[in-house]
Amino acid sequence: EYMGLEKMVFGCCRKASARITNSALLPKDLTAQNEALAEQLDSFNQTIPWKDSHVDDGTTLSWFLPDMSPVILAKGTTIINASADAISSFVRPKDKATLTSTLKKIYGDFTKNCDTIVTDHDIIHIWFHLTYGVSWIQDREFIFSHRLYIAPSGTQFVILTPLDKWDKHPPRNDLVRGEFAHTSGYIIRPIADQQCEVTFLTSMDIKGWIPLWLANRISRTNGKVITQVRKYFESLEANK
């Protein structure tokens, strides 16, 4: 029933988020490209037939596995009492120190290291520890472009697109390089003064060998990232 939809959505996404093989080749003017990627992200949110929708700790979680992709697409939606500018600034930090602090707040001890280059497309390198009680699994790293697009409606999109190569971080034997299989990111939609509906969509492919049960567990719960973002802003309010 959904095969036509999958072909349309995932086919368009692959075209829009085509691999950038070298950071030096990123275009200087990304406005048009970012708008197209934002449209793809919004299409995921609104047209995918999400499954197993349920509320967990104030966040509505769901997932979807298309027939033409081995990677689970995960979604988390919650309400955050903050402005769109404040939320996008938090999830898209502009320097290494702030990035490290943000990732620790969102992912906790799973984040081992990170790096960033501040440009209009913000290249990010993250190194994750993915044991989940299984000590022999190699750590994962991800390199991606971290962009912001603000729609005329005021909705802000923080877009994560894969980047295969960054000369500053060549491949390492002790790390498995994962990727976002499809365009991922945050949709931050203002619904009132100092209040937004925020959706996190992700398609994290952790690559390498890993037990299927663990890969599914990680993938299906990735939407919980947005819960940690909400709790950060709740802590700011509580400490006023």
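This is a predicted model: local features need pLDDT of at least 70, side-chain atom pairs count only at pLDDT 80 or more; totals for chains, interfaces and linings use all residues.

User: What makes F90 buried?

Analyst: Buried means under 20% relative accessible area. F90 has 8% relative accessibility, so F90 counts as buried.

User: And why is Y232 called partly exposed?

Analyst: The band for that label lies between the 20% cut-off for buried and the 50% cut-off for exposed. Y232 has a relative accessible area of 22%, so Y232 is partly exposed.

User: What makes the aromatic pair of F90 and Y232 stacked?

Analyst: Two things need checking. Ring centres must lie within 6.5 Å to pair, and planes under 30 degrees apart count as stacked. For F90 and Y232 the figures are 4.0 Å centre to centre and 5° between the planes, so by the cut-offs this pair is stacked. F90 lies in helix α3 and Y232 in helix α6, so the pair ties together parts that are 142 residues apart in sequence. F90 and Y232 also form one aromatic cluster with F233.

User: Why is the pair of Y186 and F200 called tilted?

Analyst: Here the planes stand at 40° and the ring centres are 4.7 Å apart. Y186 belongs to strand β10 and F200 to strand β11, 14 residues apart.

User: How do you know whether Y186 and F200 are buried or exposed?

Analyst: The 20% cut-off settles this too. Y186 has 5% relative accessibility, so Y186 counts as buried. F200 has a relative accessible area of 3%, so F200 is buried as well.

User: How many aromatic pairs does the rule give?

Analyst: The count comes to five aromatic pairs.

User: Which residues have the most contacts inside the largest nonpolar core?

Analyst: They are I80, I87, Y186, I188, V198 and V229, in a core of 30 residues. Among the elements that give two or more residues to this core are α3, β10, β11 and α6. A second, separate core has 14 residues, including A38, L41, L73 and A151.

User: What does I188 touch beyond its neighbours within four places in sequence?

Analyst: Contact means heavy atoms within 4.5 Å. I188 is in contact with A84, I87, S88, C196 and V198, among others.

User: How do you know that the span of helix α2 is close to what is expected?

Analyst: Helix α2 has 17 residues and reaches 24 Å from its first C-alpha to its last, close to the 24 Å expected at 1.5 Å a residue. Buried residues in α2 include L37, A38, L41 and F44.

Technical notes. Residues are numbered from 1 along each chain as its sequence is written. Side-chain values use heavy atoms; hydrogens and water are left out. Helices (H or I, at least four residues) and strands (E, at least two) are DSSP runs, numbered from the N terminus. The expected span of a helix is 1.5 Å times one less than its number of residues. Buried means under 20% relative accessible area, exposed over 50%, partly exposed in between (1.4 Å probe, protein chains only). A nonpolar core is a set of buried Ala, Val, Leu, Ile, Met, Phe, Trp, Tyr and Cys residues joined through side-chain atoms within 4.5 Å. Rings of Phe, Tyr and Trp (its six-membered ring) pair if their centres lie within 6.5 Å; planes under 30 degrees apart count as stacked, over 60 as edge-to-face and the rest as tilted.
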